[in-house]
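Please open the model in your viewer and keep the sequence panel beside it. The stops below say what to select next and what is there.

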Amino acid sequence: AFTITQILDNNTKATMQMEVIQDTTNSGFWLNKDALGAAAITTGENAGFPLSLGHVDQDDNQHLIIYSISEDELIRSAYQNDDLISKMIIADHVDINENRTNCFLEGNTLTVKITSTVSDASETRIYKITSRIDQTE
């Protein structure tokens, strides 16, 4: 009975660790994709959130991506010409402590720290993304 309990306990811990790794990796994928081509990056007042990333395409369509945190979810909302075109949860278990999850812009480099926590499992990743477009203009 002890062996079965130990196997189940280890499996549960491994599952939680995979969840937090997936949260932080998925966050990095989408943040990197959106921030690289952003012509305008604006950080919010709550540890840098909501984070707004915008650009205008060659057809003069305005694109805006907003990353916000609601409870413990990181949400990506995409707008085109002020119309919401998609909204998705990027991470399910975001640690909302501003020392553990935050973002700031310095020059053209956006630094985002994401921490995901499930029970005893926790993962922190720091992404430094340098926009291809000068943010100082």
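Of the 137 residues of the protein, what percentage count as buried? The share is 36%, where buried means under 20% relative accessible area, exposed means over 50%, and partly exposed covers what lies in between, with a 1.4 Å probe and protein chains only. Before going on, note that this is a predicted model, in which local features need pLDDT of at least 70 and side-chain atom pairs count only at pLDDT 80 or more, while totals for chains, interfaces and linings use all residues. Residues are numbered from 1 along each chain as its sequence is written, and side-chain values use heavy atoms, with hydrogens and water left out.

**The whole chain**

**The open sheet**

Select strands E1 to E5, which form an open sheet of five strands in the order E1-E2-E3-E4-E5 with antiparallel pairing; two strands pair if DSSP finds at least two bridges between them. E1 and E5 stand at the edges with a single partner strand each, so one side of each is left without a neighbour in the sheet. Within this sheet, E4 and E5 run antiparallel and are joined by seven bridges, and Leu74 can be found opposite Ala91 in E5.

**The nonpolar core**

Next, select Leu51, Leu53, Tyr67, Leu74 and Leu110, which touch the most other members of the largest nonpolar core, a group of 21 residues. Such a core is a set of buried Ala, Val, Leu, Ile, Met, Phe, Trp, Tyr and Cys residues joined through side-chain atoms within 4.5 Å. Helix H1 (2-36), E2, E3, strand E4 (73-80), strand E5 (83-91), strand E7 (109-118) and strand E8 (121-130) are the elements that give two or more residues to this core.

Now centre the view on Tyr67, whose contacts (heavy atoms within 4.5 Å), leaving aside neighbours within four places in sequence, include Trp30, Leu31, Phe49, Pro50, Leu51, Leu53 and Leu74.

**The aromatic pair**

From Tyr67, move to Trp30, one of its contacts, which is buried with a relative accessible area of 19%. The structure holds one aromatic pair, formed by Phe29 and Trp30, with 5.2 Å centre to centre and 85° between the planes, an edge-to-face arrangement. For this term, rings of Phe, Tyr and Trp (its six-membered ring) pair if their centres lie within 6.5 Å, and planes under 30 degrees apart count as stacked, over 60 as edge-to-face and the rest as tilted.

**Backbone stops**

Most residues other than glycine have a negative phi, and most peptide bonds are trans.

Then select Ala47, in the loop between strand E1 (40-44) and E2, where phi is positive at about 60° although the residue is not a glycine. Is Ala47 buried or exposed? Ala47 is buried, with a relative accessible area of 18%.

Finish at Asp60, in the loop between E2 and strand E3 (62-70), which has a phi near 65°, a positive value in a residue other than glycine, and which counts as exposed at 62% relative accessibility.

Technical notes
Helix = DSSP H or I, 4+ residues; strand = E, 2+ residues; numbered from the N terminus.
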